[in-house]
Amino acid sequence: MIAFERFTLANGLRVLFHKEPATPMAVVNVLYDVGARDESPEQTGFAHLFEHLMFGGSKHIADFDAPLQAAGGQSNAFTSNDITNYYDVLPAHNLDTALWLESDRMLSLAFTPKSLEVQRQVVIEEFKQRYLNQPYGDAWLQLRPLAYQKHPYRWATIGKNIKHIEDATMDDVRAFFKKHYHPGNAILCIVGNFELATIKEKVAHYFGNIPAQAKSPRQLTAEPPQQKFRIKTIQRKVPAGSFYYAFKMGKRLSDSYYLADLLSDHIGNEKTGILYTELQRKKRLVSEITAYITGSIDEGLFVITGKLNPKRTFEELEAAIWPVLAQIKDKKMSKSALQQLILKLRTAKAFQDQGLLNRAMNLSFFELLDAADLLNTESARYEQISTTQLQQYAQELLDKNRCSLLQIQPK
Amino acid sequence: MSKISSSAILDRSVAPPLLPIEHISFVAPQIMVLNNGAKLFWRNGLQNETSKIELHFAAGSATNDPLTASLCAGLLINGSSTQTAKQIQKALDAVGAYYDVSLSQESSVVTLYALKDQLLKAYEVFHESLFTAVFPLKEVQELVHSRRQKYTVQEQKVSFQAQRQFQRSLMAGSTYANLIQLSDFDRADRSQIQAFHAEHYLKGLKKVFLVGDLSTEDLNGFEVLLNAYGSDIAERAPFSWQPEQGATHIEQDGALQSALRIGRPLFNKTHPDFCAFSVLNTILGDYFGSRLMSNIREDKGYTYGIGSHVVENTKFGYFVIGTEVGVSTREATFQEIQHEFERLKTELVPAAELELVKSYLMGQLLKSADGPYAMLDLFANVETMGLDLSYYDHYIAEIKSVDAHKLQELAKRYLNWEEMLIISAG
């Protein structure tokens, strides 16, 4: 049980506080409700480029990192298709430093042309390092636009085209900040050994006078239901064929998210999962295979991925995998198998909840989704699931007409 | 607490006052000596349900046959005298347990995670699998096969190529230079894996780390099981190596980036210069505001990231800078790294920068000591080197006292470009 307090400032900033008496450290997490899905199709990669710029100095503070490091702390951030999340971890007695830094960059960035030029270059190198100069590095850059045709999930956080980053102007950057970076669009979470009254006082002090701004409504193009199987084969300089079967699943808060999560664990496990036992062990078609879900806020993907064995073909895999998926739809999981999955989730959650930073990030994310309480109540949603529901859901999920298949073939 | 109140006027251009870290307490684990001489270290006081047991074996990959060491580690929980791989996995699933095996050059660390009331039950299954592993031929073949394929993927990465060449040249003349090659996979042999297991696992258990609020009965249970195993492997022969210097480039057609590794032999924390060098290394390249990051990423935009590190083994240590840069900025990056070496050798580190790095290192140490898991890792880091927790008090004192002159002296001694091994790939 992760206990927390919640309050909201007059300017709309939502604040969560979780007291942890056992630590000498503090975590300050600031989640902004903006991700790659909020970008225009002509300016992709912006939310992520912006995350880099947030470290380039703010209105009153020339350098973000130096004061935090001098306080014994460090900071980082990540951008997803849904959110941009910043965090600072520092000795608790220097909490003010993190609040001072985060509040100033929420108020306004410095916006220097130099910072934009350099971070543009850094992001281009990141694009090369992570997506282009790695075997299979661009798989998701290819898979997204195959699986999503209308929804902005069709591009990756790095952007669909390096040119969008190259072309970003100071005006674009300013407009992006103005639209998305304000108290009403943020959730602040503080974890550490503090009193609530102190936290309220400090948060009001640093964040209270940041002007309020109306939250701009989000109008995303919905992804129309997929009616037909999609397949795309690309050739790359890779040593082995690689495949991604991506099925449409529900939104993060839908019941189907929990069903899909359990199902992916069940069929994707090494040694015991059916994908492994049938396709790797018995038929020797693949050298590795697993299943996972993307878990995005809007309609996500349930992905079965792996690599072909040498001399085996995509056609052979195609012929073999659908009968295996049919077996999953036909056969109900045993009650004990389901109980084991739930117990494994409990173990994993206990370990995740151990980390202070995890707690801060998860509280913030759940608050954005609905309410931070979900962190404590979500386990119950798994525990209510029956084997019948899982089977019914498998039948709905593993429909070939709702599948997009990306194949990467060795050149 | 702070005297700030919300009614006070906030001057955003003034940084809040900083407080130094007054004290860090380092808590030793309880130590139990097993019948066979191996030691069991236990930490409790978690106030949550998590627990783990971690077994350290003298079964690292710095041998004449690194592939056998690697396959053996990968096959430990894949079939025992009484159960198949699948049965073992199901039995672990039934108690909600996870495990991982991590192989380094010096040791193999096998860790089992579970909720505390399930840990002993899970370990009973695990223990039997580990110590009566039979390495079924089918499992061996499957792993060889998938490892070979993973290797061919790795081989395409410039970072992998540069790292391997660096290790091979730096650690030349020692078993640490022996790395898995593609052709090794054709010679993989089950009987060698069995022999390696008998020698390095059945006789190679060096120590056990246990974390969790476990009952006395459970603790006894672990002790009884573990008492049967221990280490009677003779100490390795004295370590010797002939590290190489100079530049080597590995060309890869069509690469967009070059991976760089630049380094030299150094020392581990048993050396008197270690603490002061840690400060110098941090200034140069081991935090986000470091000189390499500020210059090569934040000023020039040549890379997504660059860092320098001191890597420690029990017998030696080395210094290494690693980065991936655009191919066209490779030479410029070399120039800038040399420039940063020169600055450290010719100019004293400004007081503000030195103070910042000292505070940063203290904050990081405080974080590293936060909670039983982290604390036990800190303990393990010194225990491996034959030191105890008092080392950290010494480290704090050294960090606090080191001055700019000492850092300059160390830069002159250890950061000479012409003494570096310089590898680039791509």
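**Notebook: packing in chain B**

I looked up B:Ala122 and found that it touches B:Leu92, B:Val95, B:Ala97, B:Leu112 and B:Ala114, leaving out residues up to four places away in sequence; contact requires C-beta atoms, placed from the backbone, within 7 Å. The model is predicted, and local features need pLDDT of at least 70, side-chain atom pairs count only at pLDDT 80 or more, and totals for chains, interfaces and linings use all residues. Residues are numbered from 1 along each chain as its sequence is written, with chains lettered from A in the order in which they are written.

I then turned to helix α6 (residues 190-200) of chain B, whose buried residues are B:Ile193, B:Phe196, B:His197 and B:His200. Buried means 20 or more other C-beta atoms within 10 Å of a residue's own, and exposed means 12 or fewer. These four lie on the same side of α6(B) because they cover an arc of only 100° around the axis, taken from the directions from the helix axis to the C-beta atoms. The face turned away from the buried side carries the exposed B:Ser191 and B:Ala198. I noted that β3 (50-57), α1 (66-74) and α4 (137-154) of chain B are among the elements covering the buried residues of α6(B); helices (H or I, at least four residues) and strands (E, at least two) are DSSP runs, numbered from the N terminus.

Note on methods
Two residues are in contact if their C-beta atoms, placed from the backbone, lie within 7 Å.
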